[in-house]
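Subject: Handover of a structure

Dear colleague,

Please find below the structure that I am passing on to you. My notes on it follow directly after.

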Amino acid sequence: MFSTRWSAAEWAKRQYLFKMNANASMFTILIVLQIIGTIFISGASVTSTHSSEDYIPITFNFTTVSYDGQIGMTLFWAFVVGFLLTSAAQRNESFVFVTNRLTFQLANFYFICTAAVIGSITTVLLGSVMKIIILLSGNAIVETSGLFASPSDFFSRVAAMTGYTLLVLLLGYLAGTLIQWSKWFIVLFAALWFGMPSSAILVGGEYGFTPLSFFFNETSLILFILKVILASVLLFGISFFVTNRLEVRQ
Amino acid sequence: MAAFTYILFTTMFGIGLFIIILVTQNLGRLQIKKSVHRTIFAVYIVLLLIALVVGEAAEKKLGNQMPERLPYDNQFDLEYAIINKQPIPESLLLEKRTHEVGETLDITNAYNQAVVLIERTKDAGHTVKEAVYTPELGASFGNDAEEYYDFSGMLDVELPVWTNHSMTVPIQPRNDISFKFFHDSNVLGQFTGEKTTSYSSSSYSRFMSIHLIVPESVELKLPEAEGDEYTHYVRVIE
């Protein structure tokens, strides 16, 4: 018997705090991946050379640097984290609490949202690290508005990154849930992985409308947030529905 | 080949994903204290915040050393202005000199290192006025760029060499210019108006231009015409 009666929200909150503690290593992995991205990928740099025509000996080399590589690393991490949240070990850990499917799922959702915010803020802040590296290397042009020059641009980048990270986390979560439900999904995902052309997903491919273009081509922040919320509800709803059909401790 | 690259990429990506999953799972099982993870995270966030402030300060300090950014429609047609006697911005003028020459003036531009425009005047005497205009180098980044960076001030130039009967355009020094261009993420700029969906770039360059005002009393000896080259690089303004 318990002397204290807690609401589902309170249980979910306690499970969430437990998850944050138990999965602290996941954030260390994020840091390692972002550092690897910064050192080795150099922020997705591209070098071009322009030589002038005729006999004028002018060679113009320039390297365009961004932090798209670090964004890729963070999204990569997000998928793995979402996937791992559905592992048997994670579910079994929850049974140290008086729990049910609802509180378990809510705690996971809180964790996913926190991971999305942390992943996005650290990624956007990494842009400053890249900026410093470029400025210190000399002969640099910075063509972007920073936090002080344009705070709204800075925060819109954080919002966009949070949206994308949240979606990738939920995609990983859904993939993990479906695999827990039936191992046949491994075969299906592998077939999709190798069989589906990247142009079917990415922007600017031969297909006019792609899942990514639905979000990427949106220029209104409010509409983008609405789309992300809708997609999150859909992805999480499917995961919730599938998890409810799983046996306890399956 | 493209299919092979695609399969290789997706396989490598899949293997990478698998390794990260394994590492993440096993790192949780390692007996690293939670406080260590928390400390690493806190230090990382503090470092990133310091980097944010330092980055902004460095940009402000070093920003004025960057090349000038000009709109594309601001490009000046120097040749047209010389031929039509229009005013030319002082910034394009590299050197203005006068030279005393003899009865003849031999012009050599063997390697076509400059555009030489010769204007004849009815003046008597043997004083040649020379105006040398800087070569230009500009570059722009991204699709549909409306502005370009002007690197002209960074170009080394060798001025024409004069004797009392000749002007020679020497071989110009080699200009190797390297720049690093930092822009925000291509992915996250969709609400900022800075959207850049590619790393594309373009550049243009223009020759050094030399405007000579030569009295008709001085006989000109111009290089032999070879196809269109003569008319292109050494021209007498009609």
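How much area do chain B and chain A bury between them? The two chains bury about 7700 Å² between them, 67% of it on carbon and sulfur atoms; buried area here is the accessible area (1.4 Å probe) that two parts lose on being put together, summed over both.

Before the details, a word on conventions. This is a predicted model, in which local features need pLDDT of at least 70 and side-chain atom pairs count only at pLDDT 80 or more, while totals for chains, interfaces and linings use all residues. Residues are numbered from 1 along each chain as its sequence is written, chains are lettered from A and ligands numbered from 1 in the order in which they are written, and side-chain values use heavy atoms, with hydrogens and water left out.

The interface

At the interface, 75 residues of chain B are in contact with 86 residues of chain A, where contact means heavy atoms within 4.5 Å. Between chain B and chain A there are two salt bridges (a side-chain nitrogen of Lys or Arg within 4 Å of a carboxyl oxygen of Asp or Glu). One of them joins the side chains of Lys131(A) and Glu56(B), at 3.5 Å from N to O.

Several elements of chain B supply at least two residues each to the side that touches chain A, among them α1 (2-29), α2 (34-63) and β10 (175-182). Helices (H or I, at least four residues) and strands (E, at least two) are DSSP runs, numbered from the N terminus. The largest share of that side, 17 residues, comes from α2(B).

The chains also meet through strands: β3 (residues 140-142) of chain A and β10(B) pair in the parallel sense over three bridges, pairing being defined as at least two bridges found by DSSP between two strands. Within this pairing, Phe181(B) is the bridge partner of Ile141(A).

Ser66(A) lies in the loop between β2 (58-65) and α3 (68-84) of chain A. Ser66(A) counts as buried because its relative accessibility is 0% (buried is under 20% relative accessible area, exposed over 50%, partly exposed in between; 1.4 Å probe, protein chains only). A polar atom of the Ser66(A) side chain lies 3.4 Å from the backbone oxygen of His183(B).

A sheet in chain B

Four strands of chain B form an open sheet of mixed pairing, in the order β8-β9-β3-β13. Its edge strands are β8 (161-162) and β13 (219-221), each pairing on one side only. β8(B) runs antiparallel to β9 (residues 166-168) over two bridges, with Trp162(B) opposite Met167(B). β3(B) pairs in the parallel sense with β13(B) over three bridges, and three bridges also join β3(B) to β9(B) in parallel.

Leu105(B) stands opposite Leu220(B) in β13(B), and Thr108(B) has Thr168(B) of β9(B) as its bridge partner.

Chain A

Chain A has nine helices and three strands. Of its 250 residues, 52% count as buried.

With kind regards

Definitions and conventions
Polar contact = N/O pair within 3.5 Å; in protein donor to acceptor, adjacent residues only side chain to side chain.
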